[in-house]
Amino acid sequence: MEKLMVYSSDLVPGMKIAETILNDYGAIVVSEGTVLDDKLISKIKNLGMYRLQIFEEEHIKFESKSVFRKKYNENVKKVKELIWDISNGSDLNSSKVDKVVDSVLEKAEERSDIISCLNEIRSADEYTYSHSVNVSFVSMLIGRWMKLSEDKIKLLVQAALLHDIGKTKVPFEILNKPGKLTDEEFEEIKKHTVYGYRILEKVPSVNRDVLAAVLMHHEREDGSGYPTGLTGEKINLFTKIISVADIFDAMTSNRVYKKKETPFDVFKYMEEDSIGKLSPVVVNVLLNNMANYYMGDKVRLNNGDIGEIVYINPRCVSKPIIKVGNKYIDMMIEKDAKIEEIIS
């Protein structure tokens with residue numbers, strides 16, 4: 001594939017970058033092969049780059065963020081219809097599922113838009129529906145980073161989209177209870193994995209790995225999960241991926257009973273508290289790839305300062321280095337510093 005040198009002022013969304021771009025700290029801002037969008041172009045210009053290389057290739061289909069968001073909202077609406085249909089006693093509409101799966105797969109190259117959309121404030125009332133779409137996007141990204149085949153990624157996205165379908169059989173007042181659940185209510189919530197399996201096992205077209213992921217996405221490596229307490233090798237790969245994607249989106253979403261956390265709070269959980277519970281292979285894939293998308297983003301710290309993420313420490317991605325004015329804050333050293341919000 002031929003490379004072409006262009007001025008940064010001539011960059012437009014849809015171009016594919018042909019070199020890895022570093023900031024003054026030596027950290028990767030944009031990796032080679034990334035399809036540029038407005039946000040990434042802005043980051044490159046902010047670095048003061050004059051010229052850089054792009055791939056001279058067939059035109060890459062690119063959609064603006066507003067169009068991406070429109071498609072995203074359409075997918076959430078379709079999932080809402082699926083859930084309402086099943087709640088009202090109808091069978092799973094496989095055609096509608098396939099349309100959402102195909103829509104997710106079509107956006108595979110627009111990773112920056114995907115991650116940006118995940119980080120936006122969403123209504124807690126819509127969580128049940130947007131969560132399924134978000135988990136399918138994050139699972140797709142992990143699957144691609146793990147270099148799974150396209151056939152497997154398609155099944156993975158379908159499993160992620162349907163992973164919580166059993167919640168249609170859980171009483172609404174329990175699902176949306178703003179306070180702490182009683183032990184009995186939590187036991188009812190836990191049944192959603194089995195409910196989901198029973199809904200889908202009646203559909204001939206649903207793959208066995210998809211069924212397994214729907215049933216097992218709350219199983220944990222150490223056997224502490226549910227419904228059957230499976231361990232390690234007994235949990236299939238789709239389940240391991242969806243479990244990580246599920247937690248990432250759940251923690252970064254507004255819920256009726258808690259406010260969203262930042263992606264860096266999730267990274268901290270993954271690095272420290274998930275040990276023994278989540279697949280270390282899948283966790284490392286997420287950490288090593290997802291965190292870099294926040295390079296160059298503006299953040300608000302717990303002391304009110306606004307800074308820019310200039311370096312992601314590969315050994316501890318939850319504690320980046322942040323530039324505030326002319327000062328650098330290394331969160332590995334300054335233990336009290338915390339990212340409260342990502343603002344761009």
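User: Where does Glu 219 sit in this predicted model?

Analyst: Glu 219 is in the loop that runs between helix H10 (208–216) and helix H11 (237–251). Keep in mind that the model is predicted.

User: How do you know that Glu 219 has no salt bridge?

Analyst: Check the distance against the cut-off. The nearest side chain of opposite charge belongs to Arg 220, 7.5 Å away. A salt bridge has to be within 4 Å, and Glu 219, though buried, has none.

User: What does the side chain of Glu 219 have as a polar contact, then?

Analyst: One of its polar atoms lies 3.0 Å from the backbone nitrogen of Gly 229. The limit for a polar contact is within 3.5 Å, and 3.0 Å meets that distance.

User: What makes the phi of Lys 147 worth a look?

Analyst: Phi of Lys 147 is near 60°, a positive value in a residue other than glycine. As a rule, most residues other than glycine have a negative phi. Lys 147 lies in the loop between helix H5 (127–145) and helix H6 (150–162).

User: Why is Lys 147 called exposed?

Analyst: Because its relative accessible area is 74%, and exposed means over 50%.

User: And why does Lys 298 count as partly exposed?

Analyst: Lys 298 has 34% relative accessibility. Buried means under 20% and exposed over 50%, so 34% falls in between and Lys 298 counts as partly exposed. You'll find Lys 298 in strand E5 (residues 298–301).

User: What is the order of the strands in the sheet with E5?

Analyst: The order is E8-E7-E6-E5-E9, an open sheet of five strands with antiparallel pairing.

User: Why are E8 and E9 called edge strands?

Analyst: Strand E8 (327–330) and strand E9 (339–342) each pair on one side only. Neighbouring strands of this sheet are turned by 40° against each other on average, ignoring direction.

User: How do you know that E5 and E9 pair?

Analyst: Count the bridges: there are three between E5 and E9, in the antiparallel sense. Pairing takes at least two, so three bridges are enough. Val 299 stands opposite Ile 342 in E9.

User: How many bridges join E6 to E7, and how many join E7 to E8?

Analyst: Strand E6 (residues 306–311) and strand E7 (residues 321–324) pair over three bridges, antiparallel, with Lys 323 in E7 as the bridge partner of Glu 308. Four bridges join E7 to E8, again antiparallel, and Val 324 has Lys 327 in E8 as its bridge partner. The hairpin of E7 and E8 has two residues between the strands, and Gly 325 takes a positive phi near 65° there.

User: What makes one face of helix H1 the buried one?

Analyst: In H1 (residues 38–46), Leu 40, Ile 41, Lys 43 and Ile 44 are buried. Looking down the axis of H1, its buried residues fall within an arc of 160°, so they line one face of the helix. Asp 38 and Asn 46, on the other side of H1, are exposed.

Note on methods:
Residues are numbered from 1 along each chain as its sequence is written. This is a predicted model: local features need pLDDT of at least 70, side-chain atom pairs count only at pLDDT 80 or more; totals for chains, interfaces and linings use all residues. Side-chain values use heavy atoms; hydrogens and water are left out. Buried means under 20% relative accessible area, exposed over 50%, partly exposed in between (1.4 Å probe, protein chains only). Axes are lines fitted to C-alpha atoms, for helices over the stretch in contact, and angles run from 0 to 180 degrees between N-to-C directions. The arc is that of the directions from the helix axis to the C-beta atoms. Lys and Arg count as positive and Asp and Glu as negative; His and the chain ends are not counted. A polar contact is a pair of N or O atoms within 3.5 Å; within protein, one must be able to donate a hydrogen and the other to accept it, and residues adjacent in sequence count only if both atoms are side-chain atoms.
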